[in-house]
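Subject: The two-chain model, and notes on it

Hi,

Here is the structure I promised to pass on. Have a look at it first, and then read my notes below.

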Amino acid sequence: MNIAVLIKMVPDTESKLEVNDGALNDQNFKYMVNPYDEFAVEQAVQFKEAEGGKVTLLSLFSENNSIDTDLRKMLAIGADEIVVLRQEGYRGDKPLANAKTLSDAIKELDVDLVLCGIQGIDYYQSATGTMVAQMLGIPNISGVTNLEYNSGTLKAKRQIEGGLQTVETSTPALISCQKDMNKVRFPALKDIMMSKRKPFENKKVDSIDSNDPITSESSLPPARDGGEMIDGENAEDKVKKLIEKLKMEAKVI
Amino acid sequence: MSNVLVIGETDGSEIKGISQQVASVAAGMGEVTGLVIGSGISEAGMKLSVAKIIMADDTSLENYDPVKYASIASHIVKEHNIETILLGATSMGKDLGPRLAAELNCGYLGDCLEAGSEGFVRPNFAGKVLAKSNPTGTIVATIRNNAYPAGEAWSGSVENYSGEIAESTLKTTDIENVGSGTVELTEAAIVVSGGRGLENAENYDSMIRPLAESMGAAAGASRAIVDAGWVPHSHQVGQTGKTVAPELYLAIGISGAIQHLGGMSGSKCIAAINKDPDAPIFKVADYGIVGDLFEILPILKSKF
């Protein structure tokens, strides 16, 4: 089974979020592999170990090369190769344009399954994967916490309100992976050494126009002020005061 | 003013609260058509608070299927010259929304906090940055739960969908209720969340769950205790979990890491109980109690 895994490089969680004149300052961002995408890589490698085949990692990013080291860690987990599509003016908040570029690249690979993380921890749209599936004309199942493969049939459990929906489909399909799906392995030193020799291709792709909405203004949410600390003679007294405030002041219970 | 489509969701014989919220947002944006897709949905679908409702009611539509549902919605969008398509930011909406946008080759805005003729506001970086946009062409948007009050249930005119339904290889074989009887986290008016201060999984089960149940609340959790395996990921609130915005968020034994705050700081009221007076959770809480949760929780529980 040949599998493509879509990887988004996202600003790491320590990145400082500054807004100047209504625009988010992204000059000093350091990038990392989107955490949800790691579950997709681990799942792909597990399928490869069971079924054979090849795992290709596909990422779309700017011409900035600072991401290569972190991406290579995904090869150490067991993926076979990386193709990074380098696009001038790439932006992470254009799912429609990015899905078009990614789906065109997937068409050139011969894959049975496309895996990705459920969402990027930058813009939280959960959009690109689903859009890629539509553009490839294949079904998608999103927010999957458990995935099984048995001779051409995928069985996925996806999180829904209050439970899990079990969905089956034949390949090819696109699955977006939720956090509970697996435990991402720690690569052994030998795998880390080997990963340095695996193919890492940079491919220039054209920028494209799209109907993605453009952010006209970014802002930081109003800071929440610390509220009132409730004092009391004992626990009973504090609880009583809290409940009174929730009822009378906040009117939420 | 434009033509607006609201895609509603049912829950048994009721229309979901989030769908009524979306309907009330839509009412301010133009002429609204409702679409409800499912099987045996006529009673529930009628309650969607819009003047005109289209029902796609078919046994093959019983469970959500992105391929079939998107084909129906895109058919209606084209037929009725619709420019704005609104859905709730649910497990269905967040999947159907982008698939539909791709099918229509139009923009998509997910999990919006504000939506209206003046523009849309959505959270980036787990709510740490708010992004505003004023899309000009056709747009699909999902609206976060509790961002708007719900519209009243009432019956508009009903017509049945008679267009094509795409073939799909997807087949739902099971719907499993996890922790039945409890309220869904993202839909709850009250969320009671527990963290590492509870010391172990047994205390979560014996203290947080019963308190949540007697308050009619959903039970949430911090990332620390999900990673420790005390509760499944479906309970996690925060950056890599769910974003909630209930009327009341009760944080118990949660220190309040920035990733957690991102998932709950939109709550109307936050109350925190923690033994550490310097815990960051107190910086966002409207009400705080410094104290031993093992002493406080049984007293709190006895009040509900």
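The notes below cover the domains, the cavities and the interface.

First, the ground rules: this is a predicted model, where local features need pLDDT of at least 70, side-chain atom pairs count only at pLDDT 80 or more, and totals for chains, interfaces and linings use all residues. Residues are numbered from 1 along each chain as its sequence is written, chains are lettered from A and ligands numbered from 1 in the order in which they are written, and side-chain values use heavy atoms, with hydrogens and water left out.

**Domains.** Chain A splits into domain 1 (3-205) and domain 2 (223-253), with bounds from an automatic or database domain assignment. Their C-alpha centres are 45 Å apart.

**Cavities.** There are 4 cavities of 30 Å³ or more. A cavity here is a set of points, on a 1 Å grid over the protein atoms alone, where a 1.4 Å probe fits but cannot get out; lining residues have an atom within 4 Å of a point. Grid points are joined across faces, edges and corners, and a volume is the space filled by probe spheres set on the points.

The largest cavity holds about 710 Å³. Its lining has 44 residues, with A:I118, A:Q119, B:K94, B:G241 and B:K242 nearest the centre. By class, that lining comprises 11 nonpolar, 24 polar and 9 charged residues (nonpolar: Ala, Val, Leu, Ile, Met, Phe, Trp, Tyr, Cys and Pro; charged: Asp, Glu, Lys and Arg; polar: the others, Gly among them).

The second largest cavity holds about 340 Å³. It is lined by 27 residues, and A:K8, A:Q119, A:G120, A:T128 and A:G129 are the closest to its centre. This lining divides into 12 nonpolar, 11 polar and 4 charged residues.

**Interface.** Chain B brings 85 residues to the contact and chain A brings 72, where contact means heavy atoms within 4.5 Å. About 6600 Å² is buried between the chains, 55% of it from carbon and sulfur atoms; buried area is the accessible area (1.4 Å probe) that two parts lose on being put together, summed over both. On the chain B side, B:R99, B:F125 and B:Y287 lose the most area to chain A, together 12% of what that side buries.

The interface also has 4 salt bridges, each a side-chain nitrogen of Lys or Arg within 4 Å of a carboxyl oxygen of Asp or Glu. A:K179 forms a salt bridge with B:D227, with the closest N and O atoms 3.3 Å apart.

Best wishes

Note on methods: On a 1 Å grid over the protein atoms alone, a cavity is a set of points where a 1.4 Å probe fits but cannot get out, and a pocket is an open set with protein on both sides within 12 Å along at least five of seven lines; lining residues have an atom within 4 Å of a point.
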